[in-house]
Amino acid sequence: MSEMDQQRTLTGGCLCGKIRYSASSRPFYPHVCSCPHCRKLSGGPMMAFVGFPLSGFAWDGPGGEPAWYATSPGAGRGFCGDCGSRVCALDEGSDAVFVTIMSLDDDRVFVPRNQHFRDDAVSWLPQVPEPKAAV
Ligand SMILES: [Zn+2]
Ligand SMILES: [Zn+2]
């Protein structure tokens, strides 16, 4: 059984604890992204995300929803206005949110299976292996 099959509730949040979430919906598509937006936003070489359908997902910390910054029209990036932690990406009208894997309370649950914007990736880290073609 892979981590994708689990149906337990996963929790996470920002560094200071103001922004918290819980997700009981089925996670999907853990991946990293090394696009220019992710590199600038994070201050690191890439960001790691895993998707959760919004049904079963809740912002349940004292700060409610995160603050938002749109990297392009309709592409919201959620962060804590107090500590600055990046917690998610949420496209306008989408029925799923991509939380940052490192914002999960257990950030070792997911192993990224793909990497976006490989051509923009730094040269000094290995890349996530190319996914095997479906047969
Ligand atoms: Zn915070
Ligand atoms: Zn990106």
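Is Cys-35 buried or exposed? Select Cys-35 to begin: with a relative accessibility of 7%, this residue counts as buried, where buried denotes under 20% relative accessible area, exposed over 50%, and partly exposed in between (1.4 Å probe, protein chains only).

The model is predicted, so local features need pLDDT of at least 70 and side-chain atom pairs count only at pLDDT 80 or more, while totals for chains, interfaces and linings use all residues. Residues are numbered from 1 along each chain as its sequence is written, chains are lettered from A and ligands numbered from 1 in the order in which they are written, and side-chain values use heavy atoms, with hydrogens and water left out.

**The zinc sites**

Remain at Cys-35 and display the zinc ion (ligand 2). Its protein donors are Cys-33 (SG), Cys-35 (SG) and Cys-38 (SG), at 2.2 to 2.3 Å from the ion. Donors here are N, O and S atoms within 2.8 Å of the metal (3.2 Å for Na, K and Ca); water is not among the atoms, so sites may look incomplete. Along the sequence, the donor residues of this ion show the spacing C-x1-C-x2-C. Cys-38 is buried, at a relative accessible area of 1%.

Next, select the zinc ion (ligand 1). Cys-14 (SG), Cys-16 (SG), Cys-80 (SG) and Cys-83 (SG) coordinate this ion at 2.3 Å. The 4 donor atoms subtend angles of 106 to 116°, which makes the arrangement tetrahedral. Four donors count as tetrahedral if all angles lie between 85 and 135 degrees; four count as square planar and six as octahedral if opposite donors are over 155 degrees apart and all others between 65 and 115; anything else is irregular. For reference, ideal angles at a metal are 109.5 degrees for four tetrahedral donors. The spacing of the donors of ligand 1 along the chain is C-x1-C-x63-C-x2-C. Cys-14 lies in the loop between β1 (10–13) and β2, and Cys-83 in the loop between β7 (75–79) and β8, so this pair ties together parts that are 69 residues apart in sequence. Cys-14 counts as buried at 8% relative accessibility, whereas Cys-83, at 31%, counts as partly exposed.

A search for disulfides, defined as pairs of cysteine sulfur atoms within 2.5 Å, returns 0 in this structure.

**The sheet**

Helices (H or I, at least four residues) and strands (E, at least two) are DSSP runs, numbered from the N terminus, and two strands pair if DSSP finds at least two bridges between them. The open sheet has 7 strands in the order β6-β7-β8-β9-β4-β3-β10, with mixed pairing. Its edge strands, β6 (67–72) and β10 (115–116), each pair on one side only.

Which strand pairs with β3 in the parallel sense? That strand is β10, over 2 bridges, and Val-32 stands opposite Gln-115 there.

**The nonpolar cores**

Keep Val-99 selected. A nonpolar core is a set of buried Ala, Val, Leu, Ile, Met, Phe, Trp, Tyr and Cys residues joined through side-chain atoms within 4.5 Å. In the largest core, of 20 residues, those touching the most other members are Val-50, Phe-52, Phe-57, Val-99, Leu-104 and Phe-110. At least two core residues come from each of β2, β4 (47–53), β8 and β9, and β4 gives the most, with 3 residues. Beyond its neighbours within four places in sequence, Val-99 has contacts (heavy atoms within 4.5 Å) with residues including Tyr-21, Phe-49, Phe-57 and Val-87. Apart from this core lies another, of 7 residues, among them Cys-38, Leu-41, Phe-49 and Ala-89.

**Backbone exceptions and a loop**

Most residues other than glycine have a negative phi. Select Tyr-29, in strand β3: its phi is positive, about 50°, although it is not a glycine, and at 35% relative accessibility Tyr-29 counts as partly exposed. Then move to Phe-117, in the segment after β10, where phi is near 60° and the relative accessibility of 47% again counts as partly exposed.

Finish at Ser-24, in the loop between β2 (20–23) and β3 (28–33). Ser-24 is partly exposed, at 34%; Ser-24 and Ala-67 are 43 residues apart in sequence and 22 Å apart in space, C-alpha to C-alpha.
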